[in-house]
Amino acid sequence: MDRFEASGWLDWWANPSTRLGSVEVSVVVGSDDTEWDAVARVRDQDREEIAFLCDLDPVFVLRFADDSTIAVNVHTTDDRNRFRLTEYAEPTTRPVVSRLDL
C-alpha cells in the first residue's frame, strides 16, 4: 500500500465563482491497486465550519499547495477533528433544488 501525506484545503463552493468556505486540513491518503482511502484532520477552531458545510452538501474540492484539486465527499467520523474523504465522481456543478412551502 502506498501512502501520501500533505497539507491542503477543503473548499466548499456554492457555484463555480463563489467559494463559501475553505478549511485548512492535513491529509493522509493510502492506496492500493484498486482504490484509495483518505483521512483529513482539521484544527479545533474549524471543525464546526466543516460540519456545517457537510450538512449542507458533503461535496468539497480538496486543493493542495500546488493548486492541484480533486472533488471529494467528506464523511464525518467519531473523532470530531477527523473526516474521511472519498472521491466524488459526478460533476461538481449540480443544480440546486429548493422549495418553499407556504
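**View 1. Strand 4 and the burial of its side chains.** Strand 4, residues 59-64, is mostly covered, since six of its six residues are buried, where buried means under 20% relative accessible area, exposed over 50% and partly exposed in between (1.4 Å probe, protein chains only). Strands are DSSP runs (E, at least two residues), numbered from the N terminus. The model is a predicted one, in which local features need pLDDT of at least 70 and side-chain atom pairs count only at pLDDT 80 or more, while totals for chains, interfaces and linings use all residues. Residues are numbered from 1 along each chain as its sequence is written, and side-chain values use heavy atoms, with hydrogens and water left out. In a regular strand the side chains alternate between the two faces of the sheet. In strand 4, Val59, Val61 and Arg63 point one way and Phe60, Leu62 and Phe64 the other, and all are buried.

**View 2. The strands paired with strand 4.** Strand 1 (residues 2-15) runs antiparallel to strand 4 and is joined to it by four bridges, with two strands taken as paired if DSSP finds at least two bridges between them. Leucine 10 has leucine 62 of strand 4 as its bridge partner. Strands 4 and 5 form a hairpin with four residues between them, and aspartate 67 in the turn has a positive phi of about 70°.

**View 3. The salt-bridge network of Asp11, Arg19 and Arg63.** These three residues are linked in a network of salt bridges, a salt bridge being a side-chain nitrogen of Lys or Arg within 4 Å of a carboxyl oxygen of Asp or Glu. The closest N and O atoms are 3.8 Å apart between arginine 19 and aspartate 11, and 2.7 Å apart between aspartate 11 and arginine 63. Aspartate 11 lies in strand 1 and arginine 63 in strand 4, so this pair ties together parts that are 52 residues apart in sequence. Aspartate 11 is buried at 2% relative accessibility and arginine 63 is buried at 17%, whereas arginine 19 is partly exposed at 42%.

**View 4. The salt bridge between arginine 41 and aspartate 79.** The side chains of arginine 41 and aspartate 79 meet at 3.5 Å, N to O. The pair links distant parts of the chain, 38 residues apart, with arginine 41 in strand 3 and aspartate 79 in the loop between strand 5 and strand 6 (82-87). Arginine 41 is partly exposed at 38% relative accessibility, as is aspartate 79 at 34%.
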